[in-house]
Amino acid sequence: MTLNIKFNRATAVARLPVRRFALAASCLLLACEAGPPPFTEAQVLGGVEVPAETLNHGQKLFNRYCASCHGYDGGGKGPAARNLEARDFRAAHFLYKSTPGDELPTDGDLANTIKQGRVDKGMPAWGGLRDDDVRAVVSYIKTFSPRWREAPKADAPAATAP
């Protein structure tokens with residue numbers, strides 16, 4: 001069976017809005033990768049020097065997977081967070097952690113939350129991310145609060161969820 005379709009001037013003109021929509025959608029998708037400018041030098045976070053490449057990679061992943069709820073600034077007020085209580089990473093107060101009191105969570109705590117999610121709170125599990133991607137996101141999350149710059153180096157190495 002052969003399908004013969006004739007395109008005339010009217011059909012081409014009718015397709016212009018579709019092309020404009022496709023162009024606008026492409027621009028929006030590219031904007032999802034936007035955010036603060038990339039890092040140019042390493043930062044010491046939690047007493048560990050993190051290379052700029054790791055932070056830039058973490059930023060890209062955060063902007064893609066997390067910013068819709070947590071916001072590009074980490075403030076917890078992203079466009080998809082209207083009915084959620086997304087964490088404000090700038091304050092560095094975390095609920096799901098193994099450390100006591102107001103101590104900062106371990107990298108393993110943050111990695112577990114990312115990989116397992118908090119579905120009851122509206123956060124999806126990102127278990128499909130590779131471990132090095134999760135570590136990059138964990139490192140990038142630390143850039144939002146000055147508490148990580150003041151924190152001493154953790155005694156135990158970071159563990160990630162299985």
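I started with the aromatic rings: ring pairs join Phe39, Phe62, Phe89, Phe94, Tyr140, Phe144 and Trp148 into a cluster. The rule I used pairs rings of Phe, Tyr and Trp (its six-membered ring) if their centres lie within 6.5 Å, calling planes under 30 degrees apart stacked, over 60 edge-to-face and the rest tilted. By this rule I get nine aromatic pairs.

A note on the source: this is a predicted model, where local features need pLDDT of at least 70 and side-chain atom pairs count only at pLDDT 80 or more, while totals for chains, interfaces and linings use all residues. Numbering runs from 1 along each chain as its sequence is written, and side-chain values use heavy atoms, with hydrogens and water left out.

Next I checked Phe62 with Phe89. Their ring centres are 6.2 Å apart and the planes sit at 65 degrees, so this pair is edge-to-face. It links distant parts of the chain, with Phe62 in helix H2 and Phe89 in the loop between H3 and H4, 27 residues apart. (Helices are DSSP runs of H or I, at least four residues, numbered from the N terminus.) Buried or exposed, I wondered about Phe62? Phe62 is buried, at 0% relative accessible area, and Phe89 is buried too, at 6%. The cut-offs are under 20% for buried, over 50% for exposed and partly exposed in between, with a 1.4 Å probe and protein chains only.

Then I turned to His70, which lies in helix H3 (residues 67-70). His70 is buried, with a relative accessible area of 11%. A polar atom of the His70 side chain lies 3.1 Å from the backbone oxygen of Arg87. Leaving aside neighbours within four places in sequence, I find His70 in contact (heavy atoms within 4.5 Å) with Phe62, Gly75, Gly76, Lys77, Gly78, Ala86, Arg87 and Phe89.

Last entry: the second largest pocket. Its lining has 24 residues, and His70, Arg87, Phe89, Thr113 and Met123 lie nearest its centre. Helix H2 (52-65), H3 and helix H4 (107-116) are the elements giving two or more residues to that lining. For the record, a pocket here is an open set of points on a 1 Å grid over the protein atoms alone where a 1.4 Å probe fits, with protein on both sides within 12 Å along at least five of seven lines; lining residues have an atom within 4 Å of a point.

Terms used:
A polar contact is a pair of N or O atoms within 3.5 Å; within protein, one must be able to donate a hydrogen and the other to accept it, and residues adjacent in sequence count only if both atoms are side-chain atoms.
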